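Please keep the sequence and the structure in view while reading.

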Amino acid sequence: MGAPGVLVALYVPGDRPERFAKAFAAGADQVILDLEDAVTPAYKQRARQAVADLLAGPVPGRVAVRPNGAGTPWHEEDLAMLAAAASRPALRLPKVEGPGDVERVLERLGSAPAELVCLLESALGVEQAYAVASHPAVTGLALGEADLRAELGVTAEAGLDWLRVRSVVASRAAGLPAPAMAVHPRLDDDEGLRASCRHGASLGLRGRAAIHPRQVPVIRDAFTPTPAEQADASAVLEALSGTSGAVRLPDGRMVDEAMAAEARAVLALAGG
């Protein structure tokens with residue numbers, strides 16, 4: 001576990017089954033069928049049935065489901081639907097505040113999904129990040145930044161950055177892949193999305209969730225190392241090949257095995 005890689009996921013509202021095929025064709029690594037925030041209370045049952053219908057047969061791609069959180073009127077029925085599904089999707093579990101939340105869901109599902117990403121959306125959830133990440137059924141963490149902004153009163157980007165780095169540290173300490181970023185809510189802001197993704201990459205985040213197919217290629221491109229970054233990584237590895245100590249590059253930098261590990265991670269992200 002913990003291997004580097006870029007994940008681009010695409011949310012689609014569960015009550016919009018006419019969008020499912022388009023979502024699977026959008027080029028994302030995973031489609032997240034959302035039963036929670038993207039669906040109004042009046043359409044919760046309709047969304048659950050649409051997702052159940054999709055999961056009743058072969059699924060056309062890698063799929064996850066975000067159910068409604070514990071304490072809501074729809075939580076138990078969502079889990080019952082997932083437990084009965086012929087195709088068992090990945091689970092994107094909202095509002096996790098400790099390992100006990102994971103255990104309660106697993107009891108209702110009857111078995112652990114192959115992939116279980118826990119969303120940390122409260123101060124307590126962030127404080128419990130490592131404990132959640134260390135649960136044997138958990139395969140990843142992510143932040144619910146909108147909820148965290150509201151609870152903590154965070155308006156500065158620096159405040160969010162601290163939370164993001166906290167999730168990266170907890171994930172890697174538990175042997176999990178680095179988290180993907182939360183969604184960028186503006187659909188007409190490709191440059192802002194790209195800049196935000198590059199900033200997230202600099203913090204150790206790897207990939208992002210999208211809310212529209214047009215965001216998918218922007219996210220993937222932004223998280224993929226540039227040709228210059230790839231060339232630099234290759235130069236570092238070439239310079240260190242066959243040595244066991246530090247080496248000076250033509251540009252004056254001293255590099256050693258720690259830099260080699262970073263260079264290998266860059267090339268892995270680039271698919272090399």
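At roughly what angle do the axes of helix α11 and helix α12 cross, and within what distance do they come? Before the answer, a word on the basis of the description: this is a predicted model, in which local features need pLDDT of at least 70, side-chain atom pairs count only at pLDDT 80 or more, and totals for chains, interfaces and linings use all residues. Residues are numbered from 1 along each chain as its sequence is written, and side-chain values use heavy atoms, with hydrogens and water left out.

The axes of α11 (residues 227-240) and α12 (residues 257-269) cross at roughly 140 degrees and come within 9 Å. Here helices (H or I, at least four residues) and strands (E, at least two) are DSSP runs, numbered from the N terminus. Axes are lines fitted to C-alpha atoms, for helices over the stretch in contact, and angles run from 0 to 180 degrees between N-to-C directions. The angle therefore makes α11 oblique to α12; angles under 35 degrees count as roughly parallel, over 145 as roughly antiparallel, 65 to 115 as roughly perpendicular and the rest as oblique. The crossing is left-handed, a term for a near helix turned anticlockwise from the far one by less than a right angle, while clockwise is right-handed.

On the α11 side, the contact (heavy atoms within 4.5 Å) involves residues including Ala233, Val236 and Leu237, and on the α12 side residues including Ala260, Ala263 and Leu267. The contact residues of this pair comprise 9 nonpolar, 2 polar and 3 charged. In this division Ala, Val, Leu, Ile, Met, Phe, Trp, Tyr, Cys and Pro count as nonpolar, Asp, Glu, Lys and Arg as charged, and the others, Gly among them, as polar.

Two further helix pairs can be described in the same terms. Helix α9 (residues 190-202) and helix α10 (residues 215-223) have axes that come within 9 Å and cross at roughly 35 degrees, in a right-handed crossing. Among the residues that meet are Leu193 and Cys197 in α9 and Val218 and Phe223 in α10. This contact divides into 7 nonpolar, 2 polar and 4 charged residues.

Helix α7 (residues 145-152) packs against helix α8 (residues 157-173) at about 120 degrees, with the axes 11 Å apart. That angle makes α7 oblique to α8, and the crossing is right-handed. Glu145, Leu148, Arg149 and Leu152 in α7 meet Glu157, Leu160, Leu163 and Arg164 in α8; these residues divide into 4 nonpolar, no polar and 4 charged.

The sheet comes next. Its 7 strands form an open, parallel arrangement in the order β6-β5-β4-β3-β2-β1-β7, where two strands pair if DSSP finds at least two bridges between them. β6 (140-143) and β7 (207-210) stand at the edges with a single partner strand each, so one side of each has no neighbour in the sheet. The twist averages 25 degrees from one strand to the next. Strand β1 (residues 7-13) runs parallel to β7 and is joined to it by 4 bridges, and Leu7 stands opposite Gly207 in β7.

Finally, the domain assignment, whose bounds come from an automatic or database source, gives domain 1 (8-223) and domain 2 (227-271). Their C-alpha centres lie 34 Å apart.
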